[in-house]
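Please work through the following exercises with the sequence and the model at hand. Each task is followed by a solution in steps.

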Amino acid sequence: MNVANLQLEGLLMAVASINQVLVRKGVLTVEEIDIALRRAEASETGEERSEGMSASSRDAVNFPIRLLELANQCQPETDMPSFSKLARMVGQMKEPYNDQM
């Protein structure tokens, strides 16, 4: 596996863990994090950003956001699922784009 991919896995799991701490400490709510992640996804899938991008490229851009959204939904009651489990869940929840190429 590419070392950069492993670094990104670690970074995503670190951000997910930080999000959990922010919720536990009352700095942010699960809902506030969810809104921020939805906004990030919307800006990445907007017409201007995604124009000319293939569906697989859009999936690649949105993968980390969707993984963090799923991790956010798991808190604070449950332990954080592993990266591979979250990645599988992202693949299972993926919806097709309107303009599949």
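**Exercise 1.** Leaving aside its neighbours within four places in sequence, with which residues is Val27 in contact?

*Solution.* The model is predicted, with local features requiring pLDDT of at least 70, side-chain atom pairs pLDDT 80 or more, and totals for chains, interfaces and linings using all residues. Residues are numbered from 1 along each chain as its sequence is written, and side-chain values use heavy atoms, without hydrogens and water.

Step 1. Val27 is located in the loop between helix 1 and helix 2; helices are DSSP runs of H or I with at least four residues, numbered from the N terminus.

Step 2. With contact taken as heavy atoms within 4.5 Å, the partners of Val27 beyond those neighbours are Leu22 and Glu32.

**Exercise 2.** Is Val27 buried or exposed?

*Solution.* Buried means under 20% relative accessible area, exposed over 50%, and partly exposed in between (1.4 Å probe, protein chains only). Val27 counts as exposed because its relative accessibility is 54%.

**Exercise 3.** Which residues of helix 2 are buried, and what covers them?

*Solution.* Step 1. The buried residues of helix 2 are Val30, Ile33, Asp34, Leu37 and Glu41. They lie on the same side of helix 2 because they cover an arc of only 100 degrees around the axis, the arc being that of the directions from the helix axis to the C-beta atoms.

Step 2. The face turned away from this buried side carries the exposed residues Glu31 and Arg39.

Step 3. The cover over the buried residues of helix 2 includes helix 1 and helix 4.

How values were computed
Helices (H or I, at least four residues) and strands (E, at least two) are DSSP runs, numbered from the N terminus.
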